[in-house]
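Here's a quick briefing to read alongside the model. Have the viewer open and follow along.

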Amino acid sequence: MLWCPPLLLSTFCWVLLIFQTSVQADECTERCDLYHGHCDQDGVCRCDPGWDGPFCEDCVRMPGCVHGVCHQPWQCMCLSGWDGKFCDKDLHICERSSPCRNGAECVITPEGDYSCNCPESFHGRNCELKRGPCETEGFPCLNGGTCQDNGGYAEIFICRCLAGYVGRLCEMDVDDCLMRPCANGATCVDGVNRFSCECPHGFQGRFCTININDCAGQPCLNGGRCYDRVGDYECYCPGGFSGKSCEIPIPRPTWEFDTGTSAIARAPSSAPERTVSSTRWGPGATVKPGHFKISVKEVVTQREHGLSDLQLVTIVVLGVLTVLVIFLTILLVVRYRSRGGACWGHSSSPDTKTHYHQCQGASQEHGKTTEL
């Protein structure tokens with residue numbers, strides 16, 4: 001198509017464009033197969049579906065047609081020597097390439113395909129497979145195992161077993177519990193290429209290695225401190241409580257001392273007066289209602305027995321340190337007096353300050369003499 005620059009448009013240019021368009025339209029009308037297409041406004045032949053070519057003169061073959069032609073769209077008419085729906089079967093294949101192996105006879109079927117008449121002990125489309133030990137034994141591999149005999153040419157077969165099975169025929173299940181994977185006394189249950197652990201009380205996890213935290217539910221009451229154990233917990237109770245979970249309060253007796261040599265614990269007033277006959281309290285000791293007497297000596301003895309080893313060690317260490325401090329203090333005092341003993345005595349001079357300077361001078365002179 002003729003192109004005119006925008007700045008040079010003129011009547012002559014427009015005439016040429018109209019003339020060229022008219023010529024293209026006439027050519028399209030003359031050559032385009034109007035039964036299979038049409039001419040557009042630019043004079044180009046546009047084909048209907050199923051037709052192709054510059055002027056829509058060629059039909060479109062069936063998709064997949066290999067060796068065929070068409071007279072109408074979507075046909076596949078085979079050429080000489082070819083057959084099949086897509087004209088892809090060679091009628092002379094037995095003559096040209098002979099695909100059958102191991103001495104088999106190649107035959108063309110009425111459908112245009114070929115087949116092989118295999119000799120004894122061979123099978124397959126091209127007689128490429130030999131009837132070996134796997135086939136003669138009826139494919140004996142068990143539990144999904146695959147029989148292999150090198151295409152039938154091996155003397156014996158072997159079974160390729162799936163995971164979890166062993167044996168010549170894959171007949172034995174592997175004992176996955178043989179290595180004892182379960183810990184803490186758990187029971188191992190064997191499966192097919194797997195195992196499971198039945199955990200004892202207090203453990204969990206795949207291998208029963210996780211100790212269950214029995215303190216997670218905060219079982220200790222009244223401020224007790226919980227310590228996790230294996231399948232159990234232990235509570236350290238504060239003063240005044242006892243029991244598995246510190247749930248039992250301990251009654252606290254009120255002690256008071258009378259004017260005698262015994263300590264008295266107040267008890268409920270409903271307690272009857274009773275006489276205690278024992279070596280601790282003395283034979284025939286009488287206790288008044290509402291009181292229970294303990295001697296002061298026994299209280300002191302119980303407190304002495306209650307000292308821990310740490311407290312005894314602390315007392316001994318402090319005593320040793322005190323003795324060392326006293327001993328060092330005495331040494332320092334004696335040494336100081338031995339150097340300036342004259343100045344420690346009482347002076348008869350009324351002028352104490354003058355006496356002190358005299359003593360200091362004497363000490364310095366004594367030091368110089370000693371150095372000479």
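A salt bridge here is a side-chain nitrogen of Lys or Arg within 4 Å of a carboxyl oxygen of Asp or Glu. By that rule, the side chains of arginine 125 and aspartate 113 meet in a salt bridge, at 3.4 Å from N to O. This is a predicted model, so local features need pLDDT of at least 70 and side-chain atom pairs count only at pLDDT 80 or more, while totals for chains, interfaces and linings use all residues. Residues are numbered from 1 along each chain as its sequence is written, and side-chain values use heavy atoms, with hydrogens and water left out.

**The overall picture**

- The protein has 6 helices and 29 strands; helices (H or I, at least four residues) and strands (E, at least two) are DSSP runs, numbered from the N terminus.
- Of the 372 residues, 22% are buried, where buried means under 20% relative accessible area, exposed means over 50%, and partly exposed is in between (1.4 Å probe, protein chains only).
- Take the contacts between residues at least 6 apart in sequence: 15% of them join residues at least 24 apart, with contact meaning heavy atoms within 4.5 Å.

**Salt bridges**

- The structure holds 7 salt bridges, including the one between arginine 125 and aspartate 113.
- Arginine 125 lies in the loop between β11 (122–123) and β12 (129–130) and aspartate 113 in the loop between β9 and β10, so this pair ties together parts that are 12 residues apart in sequence.
- Arginine 125 counts as partly exposed because its relative accessibility is 48%, and aspartate 113 is partly exposed too, at 22%.
- Lys89 joins in as well: Lys89, Asp113 and Arg125 are linked in a network of salt bridges.
- Aspartate 40 pairs with arginine 46, their closest N and O atoms being 2.9 Å apart; aspartate 40 is partly exposed at 22%, and arginine 46 is partly exposed at 43%.
- Glutamate 234 and arginine 229 also bring their side chains together in a salt bridge (3.1 Å, N to O), with glutamate 234 at 33% relative accessibility and thus partly exposed, and arginine 229 partly exposed at 32%.

**Around glutamate 111**

- Glutamate 111 sits in the loop between β9 (105–108) and β10 (114–117), and its 56% relative accessibility makes it exposed.
- Leaving out residues up to four places away in sequence, glutamate 111 touches Asp83 and Lys89.
- Aspartate 83 is 28 residues away from glutamate 111 in sequence, yet their C-alpha atoms are 7.6 Å apart in space.

**Rings and charges**

- A search of the whole structure turns up 3 aromatic pairs; rings of Phe, Tyr and Trp (its six-membered ring) pair if their centres lie within 6.5 Å, and planes under 30 degrees apart count as stacked, over 60 as edge-to-face and the rest as tilted.
- One of these is the tilted pair of phenylalanine 195 and phenylalanine 207, 6.0 Å centre to centre with 45° between the planes.
- That pair links distant parts of the chain, 12 residues apart: phenylalanine 195 is in strand β18 (residues 195–198), and phenylalanine 207 is in the loop between β19 (203–204) and β20 (210–211).
- Phenylalanine 195 counts as buried at 12% relative accessibility, whereas phenylalanine 207 is partly exposed at 34%.
- Tyrosine 227 and tyrosine 236 make an edge-to-face pair, with 4.7 Å between centres and 70° between planes; tyrosine 227 is partly exposed at 31%, as is tyrosine 236 at 45%.
- Arginine 125 turns up again here, with its charged end over the ring of tyrosine 114, 4.4 Å from the centre; the test is NZ of Lys or CZ of Arg within 6 Å of the ring centre and within 35 degrees of the ring normal.
- Lysine 244 has its charged end over the ring of tyrosine 233, 4.6 Å from the centre.

**Serine 245**

- Serine 245 is in the loop between β23 (241–242) and β24 (248–249), and at 13% relative accessibility it counts as buried.
- Not counting residues up to four places away in sequence, serine 245 touches Pro219, Cys220, Leu221, Tyr233 and Cys235.
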